[in-house]
Structures are given as structure tokens and as C-alpha cells.
Amino acid sequence: MTGMPVVANSSPLIYLAALSDFHFLRDLFGPIAIPPAVYAEVVEHGTGFPVKSKVQAALDDWIVIKAVQNGRRIEEVCETACLDIGEAEAIILAQECQAERLLLDDQRAVGYARELGLTVTRTPVIYSEAKLRGWIPSVREKLDALRKKGFRLSERHYRLVLKEIGES
């Protein structure tokens, strides 16, 4: 299955599920591939958020688990870029299947992925897209809710997202 348009790391899945907006992923991006390490993180070692049941319900419908072809690269990327295994697998998978975009939040991982030429979309930008489509009235409310759930968002990025969507 080549040409999977979108690959996701765990944090967009976790936080959109936490805010009851998991369906935005399907509605915005269609089919999404996740690597085995991301599946393990959100389902097998599931956090306190409702992501486990959401991912399980979407499996083989619009979320597919897709393994990285070149497994040797995983450790190399983890070490050279100081990333966790889920981030490394998501980045490598996005490269291997020439994904249109990678859903990813961790600052270091985002920088590394962009250096490799990948198009990265962070969770706050997903909310900007949702507002542009008229699905939510306010991005600020969602960003504030993300922060309450433990999402790390710098004040600079917070203000930038709100400025770009016209809520500053």
C-alpha cells in the first residue's frame, strides 16, 4: 500500500481523542497510517485518555498499522536525532511511503522531520483547519483545552497560531 497520504505520531491521536475531536483526523486527512510503535504507545500501553478505544474502532477503517521497511534506520534516527521510537518510526514511515504530511508535535522531532523535507502538521494547526471549515468557533478555546490536558505549547507558538487564524 504505497502513497499513504498521511502518517501520524501518537500525540495528535492522543490529544484529539482527549478533546473529543478524533473524527477531525478522518474528516481532514482520510486514511492515516501509524507505525507499530505508535500503535503500541496509544493502544497496548494506552494512557489515561480515551485514545485506545478510538484507535481500535478506526483500525482497518481509516487507520492502518504500517511497519517501517528499513528497521535498521529506527535505532539510527533515535540516536542521531534524540527521538523516541514512535517519533522515529513515524518519520521513517512518512519518508518510505512518501506521505503528503506527517502529524507530529514534539519540537525536536518536528525540526528533524522538516530537515528531511517532510511536511509536518502539528495538533494546533489541525484546529486551525477545523475552524476554517466551520467545525469549531474558536481555536483559542481548543488550544487552552489542549494545554489543560498537558499539551506543551510555547507562548510564542500559541500566539502565532492565533494570529494566523485571526484570533489574536
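Analyst: Helices (H or I, at least four residues) and strands (E, at least two) are DSSP runs, numbered from the N terminus. The model is a predicted one. In these terms, Asp60 is placed in the loop between helix 4 and strand 3 (63–65).

User: What makes Asp60 exposed?

Analyst: The relative accessible area of Asp60 is 71%. Exposed means over 50%, so Asp60 is exposed. The backbone of Asp60 also deserves a remark: its phi is positive, about 65°, although Asp60 is not a glycine.

User: Where is Cys82 found, and what is its phi?

Analyst: Cys82 belongs to the loop between helix 5 (72–81) and helix 6. Its phi is about 55°, a positive value in a residue that is not a glycine.

User: Why is helix 1 called roughly perpendicular to helix 4?

Analyst: Helix 1 (residues 10–18) and helix 4 (residues 51–58) pack at an angle of about 110°, and their axes are 9 Å apart. Angles of 65 to 115 degrees count as roughly perpendicular, and helix 1 is therefore roughly perpendicular to helix 4.

User: Which residues meet between helix 1 and helix 4?

Analyst: From helix 1, Leu13, Ile14 and Ala17 meet Val51, Lys54 and Val55 of helix 4. By class, this contact has five nonpolar residues, one charged residue and no polar residues.

User: Why is Ser11 called buried?

Analyst: Ser11, a residue of helix 1, has a relative accessible area of 14%. The cut-off for buried is under 20%, so Ser11 is buried. Leaving aside neighbours within four places in sequence, Ser11 is in contact with Asp105 and Thr123.

User: What makes Cys97 buried?

Analyst: The relative accessible area of Cys97 is 4%. Buried means under 20%, and Cys97 is therefore buried. Cys97 lies in the loop between helix 6 (85–96) and strand 4 (101–103). The C-alpha atoms of Cys97 and Val64 are 13 Å apart in space, while the two residues are 33 residues apart in sequence.

User: How do you know that Tyr112 is buried, and which residues does Tyr112 touch?

Analyst: Tyr112 has a relative accessible area of 17%. With the cut-off at under 20%, Tyr112 is therefore buried. This residue is found in helix 7 (residues 107–115). Not counting residues up to four places away in sequence, Tyr112 touches Val77, Thr80, Ala81, Leu83 and Ile91. Tyr112 and Ala81 are 31 residues apart in sequence, and their C-alpha atoms are 6.8 Å apart in space.

Terms used. Residues are numbered from 1 along each chain as its sequence is written. This is a predicted model: local features need pLDDT of at least 70, side-chain atom pairs count only at pLDDT 80 or more; totals for chains, interfaces and linings use all residues. Side-chain values use heavy atoms; hydrogens and water are left out. Axes are lines fitted to C-alpha atoms, for helices over the stretch in contact, and angles run from 0 to 180 degrees between N-to-C directions. Angles under 35 degrees count as roughly parallel, over 145 as roughly antiparallel, 65 to 115 as roughly perpendicular and the rest as oblique. Contact means heavy atoms within 4.5 Å. Ala, Val, Leu, Ile, Met, Phe, Trp, Tyr, Cys and Pro count as nonpolar, Asp, Glu, Lys and Arg as charged, and the others, Gly among them, as polar. Buried means under 20% relative accessible area, exposed over 50%, partly exposed in between (1.4 Å probe, protein chains only).
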